[in-house]
Every structure is written in C-alpha cells, then in structure tokens.
Amino acid sequence: MNKPRTDLDHIISIFKSVVPAVDYWSIRLVETEQEGLSVRQDILQPTSTSFSKGAFITIIKNNGAGYAATSNLTKQGLKLAAMQALNWAKLTAPYSLFNPDNLPAVDYKGHYHTPVSRPWDSINLSDKIQFLQDACRALKISDKIVDWHSSLSSKQSNTLLVTSSHGHIEQSFQYIYPALSAVANDGSTTQIRSGGGADSAAQGGLEQLERMGFPDNAHQIAEEALLLLDAPYCPDDTMDLLLLPNQMVLQIHESIGHPLELDRILGDERNYAGTSFVTQEMFGHYQYGSDLLNISFDPTHSEQLASYGFDDDGTKAEHTYIIRNGRLERPLGGACSQARTGQNGVANSRACDWNRPPIDRMANLNLEPGDSSMKELIASIDHGILMDTNQSWSIDDSRNKFQFGCELGRIIKQGEIKGIVKNPNYRGISANFWQNLAMVGDKSTFEIGGTPNCGKGEPNQVINVGHASPACVFKNIEVFGGAS
Amino acid sequence: MQDHFYLLSEQLFGKLQHDEILLCHFEGEASDFVRFNHNKVRQAGNVTQQTLSINLIKGNKQTSGHCELSGLIENDFSLSTRILVSLRKQLDLLPEDPYLNYSQEINNSENKHLNDLPETGEMLEQIQSSAHNLDLVGILANGTLYTGFSSSTGQRNWHSSKTFNFDWSCYHQTDKAVKNNYSGFDWKNTRLSTIMDETKEQLGILKTTPRIIQPGKYRVYLAPAALNEILSMMSWGGFGLKSHRTLQTPLIKMVTENQLLNPAITLMEENNRGLAPGFTEAGFMLAENVDLISNGHYKNTLANARSAKEYDQTVNCDHETPRSLNMSAGNIKNSELLSKLGTGIYINNLWYCNYSDHNNCKITGMTRFACYWVDKGELQAPVNVMRFDDTIYNILGSNLVGLSTEKELLFDPDTYHKRSTSSTSLPGAIVENFKLTL
C-alpha cells in the first residue's frame with residue numbers, strides 16, 4: 001500500500017490559474033519521502049528522514065522551449081517559474097536544436113502504482129533498528145573483519161504530470177534499498193564482499209528483502225571476504241568467462257544500454273557521458289551479438305527498479321524487444337528523440353527528480369533467459385572462470401573498449417569449479433564481446449537487479465535503472481588479476 | 001536566502017525543549033542551465049532549490065531531517081516544525097550515539113562572492129557568436145550557490161558565491177574533439193573568444209589522419225585535466241580518516257609499507273580557496289590547509305566530525321574527500337613541455353577511471369578528446385582512444401619525469417543534485433613507461 005499523495009491536485013489548480021497563454025505547457029510534480037537506517041560496526045549511524053516536493057515546468061511557444069524547476073509551489077512561486085520557463089522559450093527559439101512544436105502532446109490519462117505487500121511502516125522503527133543490528137553483528141565473524149555494515153532505506157515517490165492538452169498521468173513508486181558489506185584485512189591486503197541487495201535494490205516493500213538475501217547472506221558475505229584474503233590473484237590468461245547475473249547487470253548496462261541510448265547517438269552527451277559506436281543506420285540489421293542474445297525493454301516486472309506505466313514525458317511504457325536473436329531492432333529513445341530522428345523507440349524519457357529535465361535513460365533493460373541450467377553452464381567450460389559481484393567498471397566514451405572487475409572469481413577446470421581467486425578483471429570490446437556469447441542460463445539462473453546510481457546528462461542526473469539476466473558464458477575472453 | 005534561513009532557524013530554535021540542541025544547515029542555488037548540441041540549444045532553463053537539514057540532539061542522541069523549502073516563511077516554518085516534532089518522537093526510540101560530534105565553540109562567519117556576472121542570455125549569445133560554424137556540445141551553468149549553518153547554541157555561518165561554469169567540447173568528427181572549460185567569478189567575452197580561437201587551431205590538427213597506437217609503454221604528457229582524473233580517483237577513499245583506519249584506502253601501501261610517491265608530489269587540501277564554504281554541517285571551522293602528501297610522503301587524512309570523534313582526531317573536513325585539492329608545481333616550463341616529452345603521447349583528457357587493483361592503487365581508464373602523437377617535440381597527429389592501466393606508484397612515483405611550472409585551477413563542472421563547489425589546482429605531468437593495454 002503506497003502512502004497517499006498530498007495536495008498535488010491543488011498545486012495543479014494554482015498553476016493553471018497563473019500559466020500564461022502559450023502553445024503548450026506541462027507541469028510535472030514530484031514528491032518524495034525517504035528514510036535511511038544504517039548500522040556500522042554494530043552502532044546505529046545517525047538516522048535520516050527526507051521530504052522533497054517540487055515542480056518541473058515546461059513551456060513551448062513560438063518554436064522555443066524552456067523550463068523552470070522550483071520548490072516554491074505557492075501561487076507566486078509557480079507564476080515566477082512559469083515566466084522563467086517562458087523567458088527561456090523566447091531566448092532560445094532562434095537557437096533551438098529542433099522545433100519543439102514537433103513533439104507529441106500528451107492528451108490522455110493514466111496511472112501506475114508499485115505493488116507492495118509488506119509496507120515499510122509495517123515494522124516500527126525500534127524493530128527495524130534491531131533487525132539491522134542483528135544483520136550487522138552476523139557479519140563480524142573474525143578479528144580480520146575490520147569493518148562491517150548493514151543498511152536499509154526506503155523511498156516513496158509520487159508524481160503527477162499534467163499538460164495543457166488535458167494529459168493527466170499519476171504514478172506512485174515505492175523503493176527499497178538494502179545492503180550488507182564486510183571488509184577483511186591482513187597486512188596490506190584488504191578484500192571487500194557485499195551483497196544482500198547492495199548490487200540491486202528493488203521496487204516494493206519489505207517483502208523484497210528475502211529475495212535479495214537480506215539479511216540471510218550476511219555470514220556467507222563475511223566468510224568469502226576472509227577467503228579472498230588468502231586466495232591467489234586471478235591468473236592472466238584468455239579463457240571462457242561465466243558471469244553471474246549480478247555482473248551481467250553491469251555488462252548489459254555499460255555495453256548494451258548506454259550505446260543504444262538515442263540521445264547519445266544524436267550527440268547530446270558527447271561532452272559528458274559520451275557518444276556511441278552505434279549509429280542510426282545500424283538499427284534493423286546490425287548483428288549486435290550471437291543469436292542467443294535477446295534484449296528487451298521491459299517495464300512489466302513490478303519489483304524491478306525502473307518499472308513504470310509512463311515515462312516522464314507521459315509516453316506509455318510497454319515490453320519491447322531491442323535486440324532479438326542478436327539482431328539490433330530499435331534504440332532506447334523517448335518521444336523527443338523519436339521526433340528528432342523519425343525512428344521507433346521506447347518510453348524511456350526520464351528525469352531523476354523535479355529539478356532536472358527528462359532525457360533518454362535505459363530504464364529496465366533485460367537479457368531474456370535461455371535454456372541452460374547453471375550445472376550445464378559450468379560443465380561446458382574446460383578452461384575458464386566464474387565472476388561474481390561487480391567492483392570496478394570503466395568503458396570508453398563510445399561504449400566499446402571496456403574493462404570490468406569483480407569482487408570474487410572461481411576457477412573452472414574441465415567442467416568443475418576448483419578454487420577461489422581475488423581481483424578478477426576482464427576486458428574486451430563491446431562490438432566483439434557479445435558475438436562471443438556462447439550459452440545463456442535458463443529461468444533458474446535468472447535474477448532481477450539494477451543500480452540506483454546511473455549517472456548521465458547535463459545538468460547531471462543520477463537515476464534508478466533495472467537489469468535482469470540469467471548467468472551467461474562468453475568464449476575466449478582476456479582475464480587478468482593484480483598489479484604485477 | 002540568507003535572511004530567510006536565519007529567520008527560519010531562529011523560529012525553530014523557539015520550538016525547542018530545554019534540553020535539546022538543533023543544528024540547521026542550508027544549501028541553495030538559483031542556477032540557469034543551457035545545454036548545447038551542434039552549437040544549438042538542446043535544453044535551457046532555471047533551477048531554484050533550497051534544502052534545509054536539521055539535526056536534533058538531546059544528550060548523546062541525534063537524528064536528522066531534510067526538506068525542500070519554498071522561500072515563504074509561513075510555509076517553511078510549518079513544514080520544518082512538523083519535521084522537528086517527528087524527529088523528537090524518533091529520538092526517544094534511538095540508542096545513544098558514541099560518535100556524536102558537533103562544534104561546541106561559537107565561530108560566526110560570512111563569506112559572499114556576489115560579483116556581477118552577465119545575464120545567462122548574454123552569455124548564450126556570446127557563445128553562439130564565438131562558436132559560429134563549430135560543432136559545439138556542452139553546458140553553461142550560471143548562478144548563485146548558497147550554504148548556511150545556524151545552531152541553537154548561537155553560531156551562524158554563511159557562504160555564497162556567484163559563479164559560472166561553461167564546460168564544452170568542439171568536435172571534428174566521431175570521437176575527435178577538443179575539450180574546454182571556462183569558469184570562474186568573472187566572465188569576459190574576450191577570454192571566451194581567445195579560447196575559441198585556440199580551439200579552432202587544435203581542431204586543425206585533429207583533421208590529420210589519426211595514428212593507431214598499439215598497447216605498450218609510452219612516454220606521455222598528462223595535461224592538468226587528465227592528471228585531475230587520476231587525482232580524483234586517488235581521492236576516492238585515498239585521504240579519508242575512516243578509510244585509512246579501516247584499511248580500505250587505495251593508498252594502503254603508503255600506510256602499511258611506507259611506500260612513497262615521487263618527491264615532487266605534494267598534495268594539500270586548500271580550504272581557504274574560497275569557492276567551497278569554510279565550515280562544516282556540524283559547525284566546525286576548517287583549518288586553512290591540510291597537508292595530505294608532502295614530497296611523496298603520506299602525511300594527514302581528512303577527518304569529518306564523526307570519524308574525528310571515533311578516532312580521536314581534529315575535524316578538518318565535511319565529507320573525507322578533497323574538494324579544494326592543490327598539487328604543487330614542478331620545474332618544467334610550459335614552453336618546454338613538448339621538447340621535454342620528446343616522442344610520446346600528449347594526453348589532454350582521461351575518462352571513466354576506476355581501480356583495477358585497489359590494494360596496489362592500480363587505476364584504469366580511457367584517453368578521451370584531443371590526444372596527440374608527438375615526435376621529437378612536435379605534435380604530429382591525433383591518436384585513437386586507448387585504455388591505460390597502471391599503478392599510482394608508477395605514474396606519480398618511479399615513472400614521473402616531472403611537473404610543469406604552470407598550474408591550472410579547474411572548477412568542477414559536476415551538477416549532480418546541485419552545482420559542485422569543488423575545484424583543483426594542479427600542474428601537468430610528464431610520465432614515462434605509462435602502460436596502455438587496449
């Protein structure tokens with residue numbers, strides 16, 4: 001059950017009374033409430049509760065578009081913001097990159113609400129603190145565990161998008177962010193293991209915690225941190241690579257998601273997040289990966305971080321194939337990018353909050369399951385390595401040359417897991433890497449993850465994105481370990 | 001915003017019970033953002049935001065709340081009072097906090113850089129004109145940033161600065177571009193024109209056929225913006241007191257094995273630079289400078305209020321990451337940089353760095369924008385993007401040839417949540433055997 005939103009309709013009424021006569025306007029109200037709890041070394045850290053409410057106003061007039069974002073939701077504040085947005089529309093009309101009149105108007109109603117079965121407030125504060133302290137204590141299994149940490153946060157967000165063409169989109173989201181981590185040290189060697197949702201987060205309530213291993217994974221996390229202290233470095237070699245879903249999340253995000261964002265292809269991000277090795281001409285025929293590669297834009301997994309009914313431009317979100325049987329079908333571009341290019345896209349025009357404009361984001365981008373069990377994936381590898389939990393990521397601005405590292409690796413020889421190694425890294429080139437996709441795990445290996453920290457845009461925005469994937473095997477990948 | 005914040009906090013202090021202390025912290029901005037692509041405007045607008053944080057303390061217990069303010073005192077007092085009442089109820093349920101730490105002294109301060117800057121629309125016209133026929137992409141941010149502190153114990157601090165930050169690239173084609181930044185307290189049209197003229201000259205070199213570089217070890221010049229990326233990585237856990245005491249610092253070998261950097265390396269947190277506020281969210285005043293690395297030796301860490309209490313140190317920062325880093329200059333004159341480099345790569349920018357081996361402070365990342373092959377001291381051709389992967393003990397240690405005499409002050413263009421007040425002052429560096437891997 002989501003918390004009821006406050007007086008958003010009243011704010012809309014006020015805005016309608018002050019907005020000047022223009023060709024088109026929209027107002028997006030966002031109110032959020034966040035609560036954060038954290039326990040470090042068994043000590044409760046300062047608790048924090050945040051409330052935020054603001055409006056993002058867009059005005060289009062005479063071929064110009066401008067925006068203003070304000071937390072002053074009084075009549076004076078909204079009027080000032082509307083005039084500022086109008087002023088920007090006038091100022092920029094002669095210099096506009098495209099004619100904003102070509103953008104589709106939102107003239108329909110819609111709503112979306114995160115399903116929640118165990119609300120955040122169904123457990124009182126004292127019990128939540130006790131729960132977190134127990135989880136934290138479970139991480140301290142040795143004197144060599146030198147730092148240990150559990151945390152649990154909740155975010156409720158209500159949005160209301162209203163347009164001059166009678167569009168009215170109301171959505172409410174509930175997010176949960178659990179995390180566990182253990183830091184082990186011996187001399188000059190420190191190893192960190194994390195889990196319990198640290199690499200994912202979810203939409204929903206407390207019912208999501210069990211699925212994410214919170215707090216049950218605490219002991220295993222600490223044990224593996226200790227094992228890594230004495231483990232050898234990952235060898236430097238070319239071998240087969242088995243990526244668990246929690247690393248597939250990063251792989252999909254960086255080397256499929258970002259390069260397919262249409263605003264990057266259009267060059268908007270060239271000064272900051274970067275461009276793309278993918279061009280507009282490649283859609284419809286380019287073989288992005290092996291024929292086992294099926295990637296979908298999927299807003300329908302309600303527990304996934306970026307599930308929604310409509311994006312922040314008001315476009316309805318639907319399950320759509322982006323890559324099918326390895327062939328590139330369409331980009332990740334929202335209504336604005338679609339209008340600029342004439343290409344098909346998806347509903348992924350999103351803003352991180354009321355104070356930023358919507359841009360193309362990848363939302364939920366998932367790799368569809370195949371038909372191999374985990375046992376079969378491992379058995380298929382004669383000389384290889386399994387990698388678990390991302391800890392390092394770096395990729396060029398065209399999203400091609402990448403190097404990623406994980407917290408833990410396991411050597412695979414002749415179809416069997418043999419031993420643990422630390423600091424496993426691998427590198428490759430996106431355009432080639434996905435061609436080496438050799439096996440895709442079945443539904444039993446499929447996990448839902450994502451990250452709340454995807455950065456992009458000018459001005460900068462950090463946003464939730466969801467990725468779900470089975471475990472996957474890649475052939476002949478360059479892997480390596482430590483400094484020497 | 002200053003009067004509003006002080007009035008609001010005074011009204012909140014009037015709501016306190018006799019054994020309560022309230023710390024109020026304020027962050028605000030009124031910023032214009034103009035985003036460019038192909039020297040046209042992609043998006044433009046204004047963001048006005050004001051965030052109040054209140055920390056309620058009773059005995060050794062504390063809890064905090066945050067809210068966006070409207071700027072109208074009646075509304076904001078009503079909202080923040082509701083939060084205060086809610087925090088008071090929470091406080092009864094919380095255990096004592098052994099690391100609660102806030103300033104017990106009263107140190108008032110006021111620092112305002114409210115110089116005149118042109119209207120953003122005027123800047124926009126100047127950019128359009130000076131970048132005529134260039135494929136310019138980037139962002140112009142212009143406006144005022146505000147930070148305030150007020151406590152029920154009687155302390156008041158205020159810091160505001162009106163600055164601009166124009167961060168952009170001009171493209172020749174695909175990934176071949178010249179990156180620039182013009183930022184500060186005073187906007188001069190002539191300065192922008194000069195930078196654009198220099199950009200056009202560099203674009204001429206980018207039009208020559210790129211040189212394909214093979215993985216290997218190269219002698220390189222890291223321009224200040226490129227070196228700043230490496231220092232930013234070092235700063236991610238490298239200088240915080242907590243990361244040192246819990247042995248998570250990437251500089252762990254400087255702590256446990258007395259590993260040294262090159263004697264030319266001296267790093268300092270320069271708190272008196274004036275862009276960032278000189279006080280913390282807990283009301284502590286910052287020392288003017290903190291020596292982090294002196295002549296290659298690890299010196300001090302950055303300690304926020306909580307870590308300082310836990311590890312019995314003096315508070316000297318808010319977030320245990322440098323925000324006004326200063327790197328000492330070297331002795332290579334800028335006019336001699338190319339000849340000193342000889343044959344190698346002139347790297348203007350690095351990008352997307354991360355640790356590839358944290359315990360050895362090994363960093364990987366990409367070259368980006370205008371990087372050139374240099375032969376016998378002459379710029380020859382652009383090079384395609386390459387990945388580097390090397391340890392800080394090589395780059396700023398045994399393989400450091402020298403640092404430039406001239407330094408650049410780089411304003412951080414980051415605008416996550418709000419505009420950054422961080423900056424770095426640093427030279428460029430010539431490094432040999434710089435490892436390129438892909």
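**Figure 1. Packing of helices α3 and α4 in chain B of the predicted model.** Helix α3 (residues 120–130) of chain B and helix α4 (residues 189–206) of chain B have axes that come within 10 Å and cross at roughly 30 degrees. Because angles under 35 degrees count as roughly parallel, α3(B) is described as roughly parallel to α4(B). The crossing in which α3(B) passes α4(B) is right-handed. On the side of α3(B), the contact is made by B:Gln126, B:Ile127 and B:Ser130. Helix α4(B) contributes B:Asn189, B:Leu192, B:Ser193, B:Met196 and B:Lys200. Three of the residues in this contact of α3(B) with α4(B) are nonpolar, four are polar and one is charged.

Figure 2. The pairing of β18(B) with strand β19 (residues 423–426) of chain B is antiparallel and extends over four bridges. Within this pair, B:Leu410 is placed opposite B:Thr424 of β19(B).

**Figure 3. The interface between chain B and chain A.** The size of an interface is often given as the accessible area lost when the parts come together. Here, chain B and chain A bury about 7400 Å² between them, and 49% of this area lies on carbon and sulfur atoms. Within the area that chain B buries against chain A, B:Arg35, B:Tyr352 and B:Tyr416 supply 10%, more than any other three residues. In terms of contacts, 91 residues of chain B meet 93 residues of chain A.

**Figure 4. The hairpin of strands β22 and β23 in chain A.** Strand β22 (residues 447–456) of chain A runs antiparallel to strand β23 (residues 461–469) of chain A, and eight bridges join the two. A:Gly449 stands opposite A:His467, a residue of β23(A). Four residues lie between the strands of this hairpin, in which A:Gly457 adopts a positive phi near 90 degrees.

How values were computed. Residues are numbered from 1 along each chain as its sequence is written. Chains are lettered from A and ligands numbered from 1 in the order in which they are written. This is a predicted model: local features need pLDDT of at least 70, side-chain atom pairs count only at pLDDT 80 or more; totals for chains, interfaces and linings use all residues. Side-chain values use heavy atoms; hydrogens and water are left out. Axes are lines fitted to C-alpha atoms, for helices over the stretch in contact, and angles run from 0 to 180 degrees between N-to-C directions. Angles under 35 degrees count as roughly parallel, over 145 as roughly antiparallel, 65 to 115 as roughly perpendicular and the rest as oblique. A crossing is left-handed if the near helix is turned anticlockwise from the far one by less than a right angle, and right-handed if clockwise. Contact means heavy atoms within 4.5 Å. Ala, Val, Leu, Ile, Met, Phe, Trp, Tyr, Cys and Pro count as nonpolar, Asp, Glu, Lys and Arg as charged, and the others, Gly among them, as polar. Two strands pair if DSSP finds at least two bridges between them. Buried area is the accessible area (1.4 Å probe) that two parts lose on being put together, summed over both.
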